[in-house]
Structures are given as structure tokens and as C-alpha cells.
Amino acid sequence: MSFVSYQFIGFLAGLILLYYLIPKRFQWMLLLLGSVVFYAFSGPKYLIFMAVTILSTYGAGVWIEKVWERQDAWVKENKSAGRDEKKKYKKGMTRKAKGILVGCLLLNLGILAVIKYTDFFLENLNGIFGTDFAMHHFILPLGISFYMFQSLGYVIDVYRRKYKAERNLGKAALFTSFFPQVIQGPISRYDELSTTLFAKHSFDAETFYYGLLRVVWGFFKKLVIADRLAPVIVSLTSDTDKYPGVYVLATILFYAIQLYADFTGGIDITIGVARMLGIRVAENFERPFFSKNIAEYWRRWHITMGTWFKDYIFYPLSVSGWMLKISKKSREKLGAALGKRIPVYIATIVVWFATGIWHGAAWNFIVWGMLNCLVLLVSQELAPLYRKFHEKCGFSNTKIWDGVQIFRTFWLMGLIRILDVYRDVPLTFRMVGTMFTTPNWGAVSDGSFLKLGATGLDFIVVAVGVVIMFIVSVLAERRSIEDRIREKPVVWNYFILWALILLVIVFGAYGIGYDATQFIYNQF
């Protein structure tokens with residue numbers, strides 16, 4: 001069930017009506033039922049995979065919690081025990097808790113690996129050794145990467161004693177399956193989401209309004225901008241020999257716009273739907289195209305994914321025992337300055353490899369991740385030289401230089417991102433090369449772009465939509481849009497809402513049966 005479908009609108013309207021009519025103590029139960037129904041529309045059999053994740057993470061969390069409780073009780077009862085005895089006991093209990101955690105991680109990540117990466121592994125095996133293993137063509141369950149990472153983050157946090165395990169299986173199930181975010185995130189943390197997810201909510205007109213406004217804003221981005229550009233991207237990538245040079249440059253620009261409008265539009269709908277129910281979920285974007293460098297870009301883009309990899313892979317890996325040994329040996333052989341950075345390099349490479357393979361079981365995603373990693377590390381190493389250069393030139397703190405940095409970062413990220421568009425590494429590099437060998441600039445003025453599946457009016461609508469997005473982003477960079485709207489008279493609030501609704505109805509791009517295309521991040 002897509003967010004941008006009549007089916008979903010009907011489902012949501014009925015759910016919200018019941019949500020505020022039933023006794024408040026049953027609200028979270030209704031959300032659980034609604035989430036199960038919503039997910040079942042993607043295929044009832046995929047509920048099995050989600051059920052395995054729910055049961056395994058719930059069971060592991062409770063089991064680990066009991067281990068810690070037993071340890072605390074023993075320490076309390078054996079205050080007179082010697083230091084070595086206490087240390088030995090705690091070490092044994094930690095080993096047991098870690099064993100439960102590792103078992104849970106292996107089970108869930110093993111399922112994900114089999115479903116998502118089996119064909120990729122066999123395909124490469126066949127290519128390298130000339131074998132003929134048959135492909136299995138597993139269909140990836142909807143949102144499995146998102147809900148699995150969210151649930152595993154919860155178990156890891158319980159192991160770290162960040163908070164107590166959830167003892168109510170139903171509430172644990174709702175945390176994993178909460179329908180607005182199951183499709184494409186954000187990847188929530190239990191301690192943040194649970195405070196409002198399980199709370200009792202009364203209808204609040206103002207909260208509902210801002211939630212609905214956020215939903216409509218998401219529809220605007222998705223239907224008016226992203227889906228109107230979708231046929232153009234398909235045309236540019238379906239017959240690449242016909243579209244070299246300037247078309248590649250246009251692909252970089254159009255895909256950046258499409259992906260941003262599509263992904264942030266979906267997140268806006270998620271946040272808005274949750275807000276209409278009185279629930280707060282994490283923001284996932286913070287105007288990434290205003291970033292001045294790639295590190296800042298990744299702090300602003302898909303925020304919850306970035307922080308997940310940082311908190312659960314980068315930091316644990318950086319301070320692990322074997323990494324500390326590598327650091328020590330590196331300092332001895334390479335010197336303190338370089339040696340201390342080796343663990344950071346290794347952890348960064350692992351994180352970006354994981355990020356790439358998380359996005360898809362294909363070499364283009366792995367290369368995409370490694371290119372991001374390379375640019376980040378090189379930028380980090382050259383930072384002192386940049387600072388000296390800027391100090392001597394004297395323009396580092398000017399608005400013009402800020403604009404240059406934003407422009408540079410936008411196109412650099414776009415250039416790396418087209419590995420996602422062409423989905424073939426050699427083809428991608430070959431197409432980038434045509435921007436220099438066969439630029440074909442005449443296509444810009446001879447009407448060729450109007451033969452890509454979009455009319456002149458389509459491009460005008462997209463351009464106006466992008467300008468609106470840009471203005472909203474500029475205003476939000478200085479102060480939240482919600483705060484700005486609050487200051488306006490009530491009549492203006494509703495004018496903005498209805499104007500957006502009208503724009504979506506009139507200018508939205510719809511397919512057969514007035515159904516929109518699926519969100520790009522559904523595939524992950």
C-alpha cells in the first residue's frame with residue numbers, strides 16, 4: 001500500500017477516526033493492528049520475516065535484561081566478595097549477555113544476507129570461477145532493512161544498559177512495525193519513539209493541522225516534482241548511447257532533484273502522519289543541499305541511517321580490542337601522527353562498505369560507498385592545507401565562497417550518485433567521460449529535451465516546484481517553518497494548506513488508475 005494512493009488515504013482516514021474515538025488505553029493496540037494490516041498489503045507471507053525479527057529482538061532484549069538483573073542482584077548480595085571474584089563474575093555475565101546479543105544479530109542479519117545478497121554472491125562466484133549456480137531471485141520484503149536495523153539497535157542499546165528492555169510483546173511489535181516509518185524510515189531509537197508511541201493522545205486541532213500540512217507538503221514533493229521527473233530519468237538511462245555528454249549532466253541534476261523530492265517527500269508524509277496521531281518521529285533530513293562539504297552533507301542527509309552506522313559500527317569498531325592493538329602497532333611502525341589515524345581509516349572504510357551494500361546488492365552501490373569514503377578521508381587529510389590556503393587568500397568567510405562550496409558539494413555528490421542511476425560501474429564511468437569527449441551542447445537548445453517523456457509544461461512545473469522547495473528551505477535554515485506559520489493569522493494557515501492541496505491535485509503526476517509511482521527507497 002503506497003503512501004500516495006487512494007487506498008492509503010482511505011486507510012489512514014479510518015484509522016485516525018477510530019484512534020480518537022476509542023478509549024485511549026487501546027490506542028497503541030489499534031496502531032499495532034493497523035500496522036499489521038498495512039504491512040500485509042505488501043504480501044501476507046512477508047509478515048513472517050517481520051515476526052521473526054520482532055520475536056527474536058524482543059526475546060533477546062528480555063533475556064539480556066534478566067542477565068543484567070541477575071548480575072546486579074548477585075553484586076548486591078555479595079558486597080563482601082573480593083574484587084577479583086566480582087570481576088570474574090561480571091565478566092562471565094557479560095560474556096553471556098554478549099552471546100545472546102551476537103546470536104540475535106546473526107539470526108537477523110543472516111536472514112537479511114540470504115534474502116538480499118545470495119544472488120549477488122552466486123553471480124560473482126559464477127563470474128570468477130566459471131560455475132553455473134542458479135539464481136534464486138528472492139523478493140525483498142518491504143522495508144526489511146529499515147525495521148531490522150531499528151530493532152537491532154534496540155537490542156544493542158539494552159545490552160549497553162542504555163534503557164530497560166520492553167516486557168510487553170505487543171509494544172515491542174508496534175515499535176518494529178509502526179506503519180508510517182516501516183517503508184523507508186526514519187530508523188528510530190526506542191527511547192525516543194516510545195515516549196509518544198505508547199502514550200495516550202487526545203485530539204489536538206493544532207497538532208493535527210501541522211501534521212496534515214507536513215503530509216500534503218510531502219505529497220507536493222513526491223507527485224508534483226519527483227514523479228514528473230521520473231519518465232525523464234527512465235528515458236535518459238534506458239538507451240544510454242543516445243544520451244551522452246550534456247544529457248549526463250542533466251541526469252545528475254534531474255536525479256538529484258528527483259531523489260531528494262521523492263525521499264524527503266516520503267519522510268514528510270511519515271512525520272506528518274505520526275504527528276496527526278500525536279506521535280513524534282525523528283527528522284531525517286536537514287536541508288542537505290546547503291552543505292559546504294561532503295562530511296556536512298552526510299550529517300544532513302538520511303540522518304538516522306548515518307547515526308545508526310556511526311553508533312553501532314564505527315564507534316564500537318574504533319575502540320575494539322583488536323583495533324587498539326592495530327593502533328599500537330601502527331604508532332610504533334608509522335609514527336604517532338599517522339598511526340593514530342589508521343583505526344579511523346579502517347572503521348570509516350568498513351562503515352562505508354556497509355552503507356553501500358546496505359543500499360543494494362550490486363557493485364555500483366559498493367563503489368558508490370567507497371567513493372564517498374575516499375572523498376571523506378582525502379578531505380579530512382587535506383583540511384589543514386585548505387585552512388592555510390583560505391587564510392592566505394582571505395575569502396574563506398565570504399558569502400561568495402560559501403556559495404562556491406555549496407555548488408561544488410552538490411555536483412560532487414551528484415557525480416557519485418549517478419552510480420545509482422546507471423546501475424553499472426563501467427557504464428557510469430563511460431557516460432561521465434562523454435561529458436568531455438562528446439558534450440553535445442546543442443541538445444540544450446534544439447528541443448531534444450522535450451522528447452524525453454516530459455513536455456515543456458512539465459519542466460516548467462518542476463522548475464516552479466524546485467523554486468518553492470528552495471524558498472522553503474532557505475526560510476527553514478534560519479527559522480522553522482512551523483514557527484513562522486504560527487505567527488500568521490488562522491485564515492492564512494488554512495490558505496496555505498488548501499493552496500498546497502490544490503497544487504497537488506492540479507499538477508500532480510499520476511499513473512494508471514491515478515496511482516503514483518513507488519518511492520525510490522522502497523527498494524532498500
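**Exercise 1.** In this predicted model, find which residues Phe 179 touches, leaving out those up to four places away in sequence.

*Solution.* Phe 179 touches Phe 3, Phe 8, Phe 11, Leu 12 and Leu 15, among others. Move up the numbering. Leu 31, Ser 35 and Phe 38 are also contacts of Phe 179.

Now place Phe 179 in its core. The largest nonpolar core has 144 residues, and Phe 179 and Leu 31 touch the most other members. Helix α10, residues 246-276, gives the most to this core: 19 residues.

**Exercise 2.** Determine how the axes of α3 and α5 run relative to each other.

*Solution.* Take the two helices, α3 (residues 47-77) and α5 (residues 144-159). Their axes come within 9 Å and cross at roughly 5 degrees. Angles under 35 degrees count as roughly parallel. Therefore α3 and α5 are roughly parallel to each other.

Next, look at the contact. On the α3 side, the residues include Phe 49, Met 50, Ile 64 and Trp 68. On the α5 side, they include Tyr 147, Leu 152 and Val 158. By class, this contact has 12 nonpolar, four polar and one charged residues.

**Exercise 3.** Is Cys 104 buried or exposed, and how many disulfides does the structure hold?

*Solution.* Cys 104 has a relative accessible area of 5%. Buried means under 20%, so Cys 104 is buried. Cys 373, at 4%, counts as buried too. The structure holds zero disulfides.

**Exercise 4.** Inspect the backbone at His 137, Asn 440 and Pro 186.

*Solution.* Begin with His 137, in the loop between α4 and α5. Its phi is near 55 degrees, a positive value in a residue other than glycine. At 60% relative accessibility, His 137 counts as exposed.

Turn to Asn 440, in the loop between α18 and α19. Phi of Asn 440 is also positive, near 55 degrees. At 37%, Asn 440 counts as partly exposed.

End with Pro 186, in the loop between α7 and α8. The peptide bond from Gly 185 to Pro 186 is cis, with omega near 5 degrees.

How values were computed:
Residues numbered from 1 in each chain as written. Predicted model: local features only at pLDDT ≥ 70, side-chain atom pairs only at ≥ 80, totals over all residues. Heavy atoms only, no water. Core = buried A, V, L, I, M, F, W, Y, C linked by side-chain atoms within 4.5 Å. Buried < 20%, exposed > 50% of the residue type's maximum accessible area, 1.4 Å probe, protein only. Helix = DSSP H or I, 4+ residues; strand = E, 2+ residues; numbered from the N terminus. Contact = heavy atoms within 4.5 Å. Disulfide = S-S within 2.5 Å. Axes fitted to C-alpha atoms, helices over the stretch in contact; angles between N-to-C directions. Parallel < 35°, antiparallel > 145°, perpendicular 65-115°, else oblique. Nonpolar A, V, L, I, M, F, W, Y, C, P; charged D, E, K, R; others polar.
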